[in-house]
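Subject: Structure for your review

Dear colleague,

Please find the structure below, together with its sequence.

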Amino acid sequence: MARVYNFCAGPAVLPEEALLEAQMELLDFNGSGMSVLECSHRGKEYAAVHDECVANLKKLLKISDDYAVLFLQGGASTQFAMVPINLLVNGQTADYLNSGAWASKAIKEAKLIGKVNVAADCGKEIPTRVPSEKEMKFTPGAAYVHITSNETISGAQYKSFPKTEAPLVADMSSDFLSRPFDMNQFGLVYAGAQKNLGPAGVAVVIIRKDLAGRVPANTPTMLKYTTHIENNSLYNTPPCFAIYMINLVTRWIQKMGLENLYKQNRAKAQKIYDVLDSSKFYKATAVKECRSDMNVTFRLPSEQLEEMFVKEASQQKLKGLKGHRSVGGIRASIYNAFPLKGIDTLVSFMKEFEKKNS
Ligand SMILES: *Cc1c(COP(=O)(O)O)cnc(C)c1O
């Protein structure tokens with residue numbers, strides 16, 4: 001089989017098992033004689049998928065009935081606007097923690113809607129990191145506090161979440177279901193699926209239902225969380241196939257065990273960080289305490305060497321290692337489904353490349 005080691009940041013590697021199952025069922029889903037791509041979103045075949053996917057997510061994260069699990073369109077980027085449209089009302093202020101490129105985009109969007117206080121800002125620092133609790137200056141009576149749990153571009157990740165009086169909102173696009181977390185700490189969590197969960201085209205949103213009630217009455221129907229809560233994400237046609245794929249991936253996560261995956265993810269990342277730490281050639285770009293388990297970012301001594309590194313790696317089936325175009329360098333995105341063997345192949349390649357070029 002011609003599968004490569006796929007280090008792409010998103011869309012990204014998915015469990016082979018889930019892909020094979022989708023392939024097997026593509027023409028005839030569950031004896032319906034139709035593809036799941038062709039089934040009505042109101043029919044019983046699709047309903048079973050949709051409901052199982054909600055149930056699996058609730059079970060994996062032990063989510064109580066105070067919360068709703070939603071599948072919404074427009075990616076995580078639409079959530080940058082939907083969060084303030086629904087939760088930032090009555091002239092209140094929302095606190096945002098700036099940890100980098102994605103947090104900045106969320107802030108920019110919220111400012112279009114209401115009053116924003118940047119409660120801590122290390123978004124432009126290099127080496128990159130996330131704000132520490134000491135430096136956070138929260139607004140009394142804030143509508144909510146927004147964080148980006150993992151900065152996909154810079155490779156900085158919160159290892160614990162700040163304790164806040166206001167409801168905590170997190171963009172978990174690139175580390176959702178890579179580790180267990182207590183949903184009760186959060187008012188709202190959202191994640192574009194294409195990083196760690198499934199195909200592009202859907203965002204998972206988990207929201208404490210009482211918060212959704214804040215929304216102004218004149219908000220367009222599709223932009224209200226209440227619409228989607230009341231209709232179990234079936235107000236209009238949902239991205240059925242993307243949700244079907246997420247369902248297959250959640251089954252795989254259940255089988256693997258979320259706690260086990262977390263352990264495995266940490267071990268995978270550590271193998272690469274160990275190479276970086278024992279080298280004068282490679283340089284990690286995030287501070288040690290904030291290093292991401294999902295996106296490992298580093299530099300080489302020159303851009304020319306980085307270019308060579310990406311090219312030679314690619315010849316050995318190590319694909320997608322080029323850093324984000326805005327920051328350069330190297331980025332190895334190693335989500336849940338990225339295999340251990342691929343990490344070992346990268347580690348050998350890195351050592352070899354260093355020997356040849358340092
Ligand atoms: C990719 C990403 C987004 C944007 O996701 P889209 O689905 O493309 O809108 C937002 N936040 C983070 C942390 C991301 O990694």
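What span should the 17 residues of helix H2 (residues 44-60) have, and how far apart are its end C-alpha atoms? The model is a predicted one. At 1.5 Å a residue, H2 should span 24 Å, and its end C-alpha atoms lie 24 Å apart, which agrees.

Eight-letter labels aside, the burial pattern of this helix may interest you. Tyr46, Val49, His50, Cys53, Val54, Asn56, Leu57 and Leu60 are the buried residues of H2. Viewed down the helix axis, they fall within an arc of 160°, so they line one face of H2. An α-helix has 3.6 residues a turn, so residues three or four places apart point the same way. Lys44 and Lys59, on the other side of H2, are exposed.

The buried residues of H2 pack against two strands, S2 (67-72) and S10 (203-208), and against two helices, H7 (240-256) and H8 (258-277). Just after H2, lysine 62 adopts a positive phi of about 50°.

I turn now to the largest pocket, whose volume is about 630 Å³. It is lined by 30 residues, of which Ile126, Thr128, Ile153, Ser154 and Val327 are the closest to its centre. At least two lining residues each come from helix H4 (101-113) and from strands S11 (283-284), S12 (295-299) and S14 (330-333). H4 gives the most, with four residues. By class, the lining comprises nine nonpolar, 13 polar and eight charged residues.

Yours sincerely

Terms used. Residues numbered from 1 in each chain as written. Predicted model: local features only at pLDDT ≥ 70, side-chain atom pairs only at ≥ 80, totals over all residues. Heavy atoms only, no water. Expected span 1.5 Å × (residues − 1). Buried < 20%, exposed > 50% of the residue type's maximum accessible area, 1.4 Å probe, protein only. Arc of directions from axis to C-beta. Contact = heavy atoms within 4.5 Å. 1 Å grid on protein atoms, 1.4 Å probe; cavity = no way out; pocket = protein on both sides within 12 Å on 5 of 7 lines; lining within 4 Å. Points joined across faces, edges and corners; volume = space filled by probe spheres on them. Nonpolar A, V, L, I, M, F, W, Y, C, P; charged D, E, K, R; others polar.
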